[in-house]
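Please keep the sequence and the 3D view at hand while reading.

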Amino acid sequence: MPWYLYLALKQLFPTGRRFPFFTAISILGVALGVALLVVSTSVMAGFGHEIRRMIVDTQGDVQVRADGLVADSAGLAATVAKVPGVVASTRFAAGLVQVRFGDKRLYPTLQGVDIEHINGVIPLDSYLRRATLDDLDDDSVFLGIKLYDLLGASIGESIDVFSPMLLDDSRADVVTLPRSLKIRGVLEIGHQALDESTLLVTMRTMQDIYKLGGATKGLNLKLADNEDPDAAARRINAVLPPGVHAASWLTNNQDFLSILQLEKNMIFILLLFIVIVAGFSVTSSLLISVVRKTREIGLLGALGANPRQVAACFCFQGLIIGLGGTVAGLALGLGTLHYRNAIITVFTKLTASREAMDRFYQFSQLPSWTTTSDLVLIVSCSVVISTLAGLLPAWRAAKLKPVEALRSE
Amino acid sequence: MLRASGLKKSYLSGDRRIEVLGGVDLAVMAGESVCIRGESGSGKSTLLNLLAGLDAPDEGLVEWEGTEATADRRARHLGMVFQSFYLIPELDALQNVLMAARMLGVPGAAERKRAAELLARVGLAERTSHLPNQLSGGERQRVAVARALMNAPRLVLADEPTGNLDERTGDAVVDLLLGVCRETGTALVLVTHNAAHAAKAGRALFLHGGRFA
Ligand SMILES: Nc1ncnc2c1ncn2[C@@H]1O[C@H](COP(=O)(O)OP(=O)(O)OP(=O)(O)O)[C@@H](O)[C@H]1O
Ligand SMILES: [Mg+2]
């Protein structure tokens, strides 16, 4: 161990002093910042992960769409099934409708369900409340839970569904009646916008209301585990007839996913400032230490130290505080994440906000998703910041001339 | 061993230039002890710092064994003792002595043994693990003497090593310094106000008006 590293350690942890307050407080500052970064990026990533899962659970991994309608969706499904990596497919069709119940009028999206195939791609059963997929017949409907609440309807009652096709009919002086559908169950996906705007019917009913004949809008595909959706979409596109395209859920939801990423990055940068502020406090305490130790720095010069080594001595102190703080912060952060649900339970009990928590976040458990890359980023930022924090004191120390330092009172 | 020729040094105070050293020549032979006396402010400390290579002269040259005095060579060639002891407060007596050895590389068992022997030689065998604030002034200065001798330098520069000590302790430290240097064949330049101490050195010089009188 070179002398400057030895002295750096000794100045931080002096012999014979049981608890080095100076060092402990600097380390604690860095540790708090790091812990907050670990907790918040993990929770943000957890929310992101839940949302991604939900997107895949409602759209499949890859969506195949035509410029217009797909007349022969069975043929298309057979073509796509041959592409390696594709595990299952289900037909989909969706369109806006007006729903009337009593004097309420709402405009949700009507979706046709390919009852035989849907469970291979989308775990629809896990979203259904008070019903199973078998309950859906051509005269019944499942409502998103928010939509159900907004309408104020109850199970067993009927709603009227008007499709935009009625406009064409009325222009042609044909009188068509709205379709009356019986509410059979509710659907809770856990995403506010989806739960407010989803109306599920059988594919046949959808085709009837939207006058699609036997056509659909396309296919939702399920890929094998660990398959790259974009690569699979490219492979599928290669075998598709002209006018039909495949796109992965990543591509289809690019804007939304980049907002999630942006949000996570913003939080990271904001919380990074806590580490930066902790870095400033390390700088100021090391600067004080340089002033306090001026005469000793002169003595080191007299013993034959060169300015670069003196600088290294103080730089290392910043680095050691940074490393200590980072390790402590990782432990604190990961510990907090591990006990997060217990902590939240205590917290919500104290503030009596359990219900609000459940209602707004849809999770009774806080999601968390800690990735190695996030941890590596946090660790490198905090180590770099603490090293930078030692730089100014190091420069001051190196600039001291031994003669003047020894002369100082 | 040590040769200084034509050393000049002046300081700017306000807009007046004060010449402290006006061409000092000094040669110290190996193993010799030289005492430098002079009034307060006559430039003794300034001269010693120049000899140590801690400061650069305005004019003139300092050579150790024929080559120029530089900071990098100081650790091996030179031991220094000051009026204030300048021990590192976080380190115990033994580690303070070893600090000199650390400048040259990681100290091994041989260095530890030598440091302990030096501490025993200055009468601190029982105090090796005391921190500086657990030592008396005289004891601290003896640790500083041991530190100056740690790397077996050919030359020791001592700037009023007794200035902060009472007479009895001061006498003891000077006797120790002269004794150890004589035993080990180390040259010594000792700055002091004390005529009795000066008399014990091999050669006494008097600094006045920026030159040796
Ligand atoms: N950095 C400096 N700037 C300005 N003047 C200085 C500086 N260092 C020393 N001097 C001046 O140089 C002169 C010599 O100082 P020096 O410390 O060498 O004296 P000294 O002989 O060691 O005195 P003493 O016996 O009191 O220790 C003094 O007049 C002092 O004011
Ligand atoms: Mg002096």
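The notes below take up the cavities and then the site of ligand 1. The model is predicted, and a search of the whole structure finds two cavities of 30 Å³ or more. Ligand 1 is surrounded by residues from chains A and B, so its site is shared between chains.

**Largest cavity**

- The largest cavity holds about 110 Å³ of space, and of the 14 residues that line it, the closest to its centre are A:Leu303, B:Leu78, B:Gly79, B:Met80 and B:Arg147.
- On chain A, helix H12 (294-303) gives two or more residues to this lining, and on chain B the elements that do so are helix H2 (71-77), strand E6 (78-81) and helix H5 (137-149).
- Sorted by class, the residues lining the largest cavity are ten nonpolar, two polar and two charged.

**Second largest cavity**

- The second largest cavity has a volume of about 40 Å³, and its lining includes A:Leu7, A:Gln11, A:Lys293, A:Glu296 and A:Ile297, along with A:Leu300, A:Cys313, A:Phe314 and B:Ile88.
- Two or more residues of this lining come from each of helix H1 (3-12), H12 and helix H13 (307-338) of chain A, with H12(A) giving the largest share, three residues.
- By class, six nonpolar residues, one polar residue and two charged residues make up the lining of the second largest cavity.

**Residues around ligand 1**

- There are 13 residues around ligand 1, and those that come nearest are B:Ser40, B:Gly41, B:Lys44, B:Ser45 and B:Thr46.
- Helix H1 (residues 44-52) of chain B gives the most to the shell around ligand 1, namely three residues.
- The shell around ligand 1 comprises two nonpolar, seven polar and four charged residues.

**Polar contacts and cover of ligand 1**

- From the backbone, an N or O atom of B:Ser42 lies 3.3 Å from an oxygen atom of ligand 1.
- From side chains, an N or O atom of B:Glu160 is 3.1 Å from an oxygen atom of ligand 1, and a polar atom of B:His193 lies 3.2 Å from an oxygen atom of ligand 1.
- Ligand 1 has 630 Å² of accessible area on its own, and the protein covers 68% of that area.

Conventions
Residues are numbered from 1 along each chain as its sequence is written. Chains are lettered from A and ligands numbered from 1 in the order in which they are written. This is a predicted model: local features need pLDDT of at least 70, side-chain atom pairs count only at pLDDT 80 or more; totals for chains, interfaces and linings use all residues. Side-chain values use heavy atoms; hydrogens and water are left out. On a 1 Å grid over the protein atoms alone, a cavity is a set of points where a 1.4 Å probe fits but cannot get out, and a pocket is an open set with protein on both sides within 12 Å along at least five of seven lines; lining residues have an atom within 4 Å of a point. Grid points are joined across faces, edges and corners, and a volume is the space filled by probe spheres set on the points. Helices (H or I, at least four residues) and strands (E, at least two) are DSSP runs, numbered from the N terminus. Ala, Val, Leu, Ile, Met, Phe, Trp, Tyr, Cys and Pro count as nonpolar, Asp, Glu, Lys and Arg as charged, and the others, Gly among them, as polar. A residue is near a molecule or strand if one of its heavy atoms lies within 4 Å of it. A polar contact is a pair of N or O atoms within 3.5 Å; within protein, one must be able to donate a hydrogen and the other to accept it, and residues adjacent in sequence count only if both atoms are side-chain atoms. Accessible areas come from the Shrake-Rupley method with a 1.4 Å probe; for residues, only the protein chains shown count as cover.
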